Amino acid sequence: MDLQALSDFDLVAAHGGFGRAARVSGRSKATLSRRVAELEESLGVRLIERGSQNLRLTDEGRALHERTHGLLSEIAEAGEAVVLGASTPKGRLRVSAPVVFAHVALPRIGTRFALAYPEVQLDIVAEDRKVDPVEDGYDLIIRIDPSPDERLVGRRFLNDERLIVAPPGMSRPFQMADGEESAVKAVLLSATPPGTVWRMGSGTEADIVLRPDPILRLSSLLMVRDAVLAGAGAALLPKLLVAEDIAVGRLAYWGTHAGPPVEIWALQSSRRLIGAKVRAFLEVVGRAFPEKAFVTPSV
């Protein structure tokens, strides 16, 4: 196969048409159409069904695109590494991160990285949707408790916890007799299911079990945190989000919710090598979260 023709086909398939591919690449529609036609002739199969308004990949075209898109990306990255210098972070770095983590941690991390590596154009997108690093054009994605995915590789860089916090003037609940639940006015996420309980401790009989009585439901953790700061009630929130508020006395720490830690991972496509700019960003992220900074406060 002609690698340039295959690359032109991949460009057209990825952008859904000759016109859009031409605008992105700066090449003419006629050239792209001719190169795709030459690829079809060399393979002896039709890859694209051309209509008057749009085009559609044939089954053979879709299979070829799925199997070669990631490989072509690797070839392009290899060439970029040679041109730019494999050991020097340069070029554009796109990162996708959950909204709360991006809001709390990434402005400072991004600033440190930008100052340390001025030849990298860092682009951080805050979003909670599930993204594909190859299809969506990300070099790195940060996810909380990600499900196993053979297409992704990476490392856990932070274990977080969920804390039960409240306004400073709110009375802290006490242990009820015979393991009964203690009701507490609370701010919950909109998606919290009925009958939810909070268990403070390590799962022993001495744990305090709270039954949150929702006086307010909100759709984001940032909104929940702000409502608790305003005095609405108690809430279950990530330590990452409320550690500073606890440290300065804006929120009262009641206890740590029993259960496994919250894992935060940095992931990338398993088909891609870790480039210098990604490695440099991960190093800055790692230095931002020393274990001593995440000590749970005393009750």
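Please keep in mind that this is a predicted model.

Now widen the view. β5 and β13 belong to an open sheet of 5 strands, in the order β4-β3-β5-β13-β6, with mixed pairing. At the edges are β4 (120-126) and β6 (152-160), each pairing on one side only. On average, neighbouring strands of this sheet are turned by 20 degrees against each other, direction ignored.

Which helices lie across these strands? Helix α6 (residues 106-116) lies across β3 (91-97), β4 and β5, and runs at about 170 degrees to β4. Helix α9 lies across β3, β4, β5, β6 and β13, running at about 50 degrees to β3.

Next, look at the side chains. In soluble globular proteins, nonpolar side chains tend to be buried together. Here the largest nonpolar core has 41 residues, and Phe101, Phe157, Phe281 and Phe289 touch the most other members. Helix α9 (residues 276-288) gives the largest share of this core, 6 residues.

What does Phe157 touch, leaving aside residues up to four places away in sequence? Its contacts are Phe101, Ile142, Ile264, Trp265, Ala266, Val285 and Phe289. Finally, there is a second, separate core of 18 residues, including Ala13, Leu32, Leu39 and Leu57.

Note on methods: Residues numbered from 1 in each chain as written. Predicted model: local features only at pLDDT ≥ 70, side-chain atom pairs only at ≥ 80, totals over all residues. Heavy atoms only, no water. Core = buried A, V, L, I, M, F, W, Y, C linked by side-chain atoms within 4.5 Å. Buried < 20%, exposed > 50% of the residue type's maximum accessible area, 1.4 Å probe, protein only. Helix = DSSP H or I, 4+ residues; strand = E, 2+ residues; numbered from the N terminus. Contact = heavy atoms within 4.5 Å. Pairing = 2+ DSSP bridges. Axes fitted to C-alpha atoms, helices over the stretch in contact; angles between N-to-C directions.
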